[in-house]
Amino acid sequence: NKREAARLKAVAVAQLRRQMARAYRELIALVPTLSDEDLRQRFLSSWSHSKYQTSLRAILREETNHFRIHAADVKKWRRNAGK
């Protein structure tokens with residue numbers, strides 16, 4: 001995302017990698033502990049000024065798909081950067 005790239009431009013890549021690795025480890029440890037009740041919890045959507053509510057289950061599903069899309073983008077970028 002161009003918006004995120006601009007927001008994080010001044011942050012060192014090594015720091016971003018450490019933060020992402022830590023968040024990933026925490027998420028992997030957390031997911032198996034979530035109960036069906038946890039997954040049914042409702043939250044306001046993260047979109048600005050949204051009044052839409054969503055469940056934790058839906059958020060996790062949407063984010064997983066979002067990660068897949070970005071992973072494909074990163075692979076393409078790496079392939080093109082190597083030329």
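Predicted model: local features only at pLDDT ≥ 70, side-chain atom pairs only at ≥ 80, totals over all residues.
Take arginine 7. Its relative accessible area is 57%, so arginine 7 is exposed. Its side chain meets that of glutamate 4 in a salt bridge, 2.8 Å from N to O. Both residues sit in helix 1, three residues apart, which is about one turn of the helix. Glutamate 4 comes in at 27% relative accessibility, so this one is partly exposed.

How many salt bridges does a search of the whole structure find? Two. The other pairs arginine 57 with aspartate 36, at 3.7 Å from N to O. Here arginine 57 belongs to helix 4 and aspartate 36 to helix 3, so the bridge ties together parts 21 residues apart in sequence. Arginine 57 is partly exposed at 33%, and so is aspartate 36 at 49%.

Now, on to the largest pocket, with a volume of about 2100 Å³. Glutamate 4 turns up again: of the 36 lining residues, those closest to the centre are Glu4, Met20, His66, Phe67 and His70. Which helix gives the largest share of the lining? That's helix 4, with 13 residues. Helices 1 and 2 each supply at least two. By type, the lining splits into 19 nonpolar, nine polar and eight charged residues.

Last stop, the surface. Leu27, Leu30 and Val31 make a nonpolar patch of about 230 Å². Leucine 30 lies in helix 2 and, at 44% relative accessibility, counts as partly exposed. Thanks, everyone!

Conventions:
Residues numbered from 1 in each chain as written. Heavy atoms only, no water. 1 Å grid on protein atoms, 1.4 Å probe; cavity = no way out; pocket = protein on both sides within 12 Å on 5 of 7 lines; lining within 4 Å. Points joined across faces, edges and corners; volume = space filled by probe spheres on them. Helix = DSSP H or I, 4+ residues; strand = E, 2+ residues; numbered from the N terminus. Nonpolar A, V, L, I, M, F, W, Y, C, P; charged D, E, K, R; others polar. Patch = residues over 30% accessible without salt bridge, like charges linked within 9 Å, V, L, I, M, F, W, Y side chains within 5 Å. Areas by Shrake-Rupley, 256 points an atom, 1.4 Å probe, with all protein chains shown as cover. Salt bridge = Lys/Arg side-chain N within 4 Å of Asp/Glu carboxyl O. Buried < 20%, exposed > 50% of the residue type's maximum accessible area, 1.4 Å probe, protein only.
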